[in-house]
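Subject: Structure handover

Hello,

Here is the structure I promised to pass on. Please open it first, then read my notes below.

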Amino acid sequence: NKMAAARLTFKLNGTVNRHDSVYWAPENPHVRVDKAVNLPGVHVWCGLSSRGLVGPFFFDATITGEVYLEMLRTSILPGVRALYGADEEVFYQQDGAPPHYHLAVRAFLDDNLQGHWIGRRGPIEFPPRSPDLTPMDFYLWGTVKDEVYRRKPRTLEELRQEITAACAAISIETLTDVVAATAHRSVMCLAANGQHFEHLR
C-alpha cells in the first residue's frame with residue numbers, strides 16, 4: 001500500500017503554483033511562464049491512495065519544515081492511520097522539497113514510519129530529476145483545479161470550500177483506477193530505462 005502526497009498553491013485568479021514542476025525536453029523549448037505575484041491563495045496538502053484521500057489540509061503560513069512537521073503530527077499521519085489502521089504496512093511518498101527534507105521531519109518519519117517512507121535522504125531515496133509518476137501530478141491536482149475554477153470562487157474561504165468539495169466528490173473507484181494507472185506508468189518507465197515513454201502508448 002502506498003500513499004502519495006503533495007502540496008499545491010491555488011490562487012484566487014484561477015492559477016496554481018506547482019512548486020516542483022519540471023518539464024523535460026530534448027531541446028530548450030524557450031517557454032515563457034507568466035507568474036502572478038502577491039495574489040491571495042491557499043496552500044493545500046493532500047494524499048492519495050486506492051483506499052481514499054487524506055486531506056485536503058490547508059496551510060495558513062509559509063510552509064517551513066516546522067510547519068510541515070506540525071501538519072504531519074496533527075493531521076497527515078493520523079489521517080493515514082485512520083485510512084489504513086495502525087498495523088497495516090503503508091509506504092508514504094514525498095518529494096525532495098525543502099520542508100520535506102528538514103531534519104526534524106526526517107527524524108519524525110523515521111520514528112513513525114520505520115523504513116516505510118520515500119523521500120530525499122529517506123530509507124527509500126526519492127531519485128533526483130525523476131519523472132513525475134505520482135497520481136497527484138497526473139490526476140488529482142488537474143481534476144481538482146478544473147472543478148474548483150469552474151465555480152469561480154471569489155474569497156479564500158470559498159476557495160477552500162470548493163477544494164474540499166472537489167476532493168470529496170472523487171469516488172473510490174476512480175482512485176483505484178488512478179492507482180492502477182500509476183503502476184502501469186511505472187512499469188512503462190522501467191521498460192524505457194527511465195527515458196521518455198509517453199510517446200509509446
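Start with A104. A104 is partly exposed, with a relative accessible area of 30%. Here, buried means under 20% relative accessible area, exposed means over 50%, and partly exposed lies in between (1.4 Å probe, protein chains only). A104 sits in helix α3. In sequence, A104 and G65 are 39 residues apart. In space, their C-alpha atoms are 7.6 Å apart.

Some ground rules. This is a predicted model, in which local features need pLDDT of at least 70, side-chain atom pairs count only at pLDDT 80 or more, and totals for chains, interfaces and linings use all residues. Residues are numbered from 1 along each chain as its sequence is written, and side-chain values use heavy atoms, with hydrogens and water left out.

The whole chain

The chain has six helices and seven strands. Helices (H or I, at least four residues) and strands (E, at least two) are DSSP runs, numbered from the N terminus. From the N terminus on, the order is β-β-β-β-α-β-α-α-β-β-α-α-α. The chain has 201 residues, and 38% of them are buried. Contact means heavy atoms within 4.5 Å. Take the contacts in the chain between residues at least 6 apart in sequence: 69% of these join residues at least 24 apart.

Helices α1 and α3

Two packed helices are described by the angle between their axes and the distance between the axes. Axes are lines fitted to C-alpha atoms, for helices over the stretch in contact, and angles run from 0 to 180 degrees between N-to-C directions. Helix α1 covers residues 65-84, and helix α3 covers residues 103-112. They pack at an angle of about 20 degrees, with their axes 9 Å apart. So α1 and α3 are roughly parallel to each other. The cut-offs are these: under 35 degrees is roughly parallel, over 145 roughly antiparallel, 65 to 115 roughly perpendicular, and the rest oblique.

The crossing of α1 and α3 is right-handed. A crossing is right-handed if the near helix is turned clockwise from the far one by less than a right angle, and left-handed if anticlockwise.

Which residues in α1 and α3 meet? From α1 come G65, Y68, L69, L72, R73, L77 and R81. From α3 come A104, V105, F108, L109 and N112. By class, this contact of α1 with α3 has eight nonpolar, two polar and two charged residues. Ala, Val, Leu, Ile, Met, Phe, Trp, Tyr, Cys and Pro count as nonpolar, Asp, Glu, Lys and Arg as charged, and the others, Gly among them, as polar.

Now look along α1. There is a kink of about 50 degrees in α1, centred on L72. The bend at a residue is the angle between axes fitted to the seven residues ending there and the seven starting there. The buried residues of α1 include Y68, L69, L72 and L77. Just after α1, G85 has a positive phi of about 90 degrees.

H100 in helix α2

Is H100 buried or exposed? H100 is buried, with a relative accessible area of 6%. H100 lies in helix α2, residues 98-101. Leave aside its neighbours within four places in sequence, and H100 is in contact with R7, Y68, Q94, D95, V105 and R106. H100 and L69 are 31 residues apart in sequence, and 8.4 Å apart from C-alpha to C-alpha.

Helices α4 and α5

Helix α4 is residues 135-150, and helix α5 is residues 156-168. Their axes come within 9 Å and cross at roughly 130 degrees. Therefore α4 and α5 are oblique to each other. V144, E147, V148 and Y149 of α4 make the contact with L159, E162, I163, A166 and C167 of α5. Those residues divide into seven nonpolar, no polar and two charged. The crossing of α4 and α5 is right-handed.

Most residues other than glycine have a negative phi, and most peptide bonds are trans.

- The peptide bond from G55 to P56 is cis, with omega near 10 degrees. P56 is in strand β4, residues 52-59.
- R121 is not a glycine, but has a positive phi of about 65 degrees. R121 is in the loop between β6 (117-119) and β7 (124-125). R121 counts as exposed, at 52% relative accessibility.
- K152, also a residue other than glycine, has a positive phi near 50 degrees. K152 is in the loop between α4 and α5. K152 is exposed, with a relative accessible area of 62%.

Best wishes
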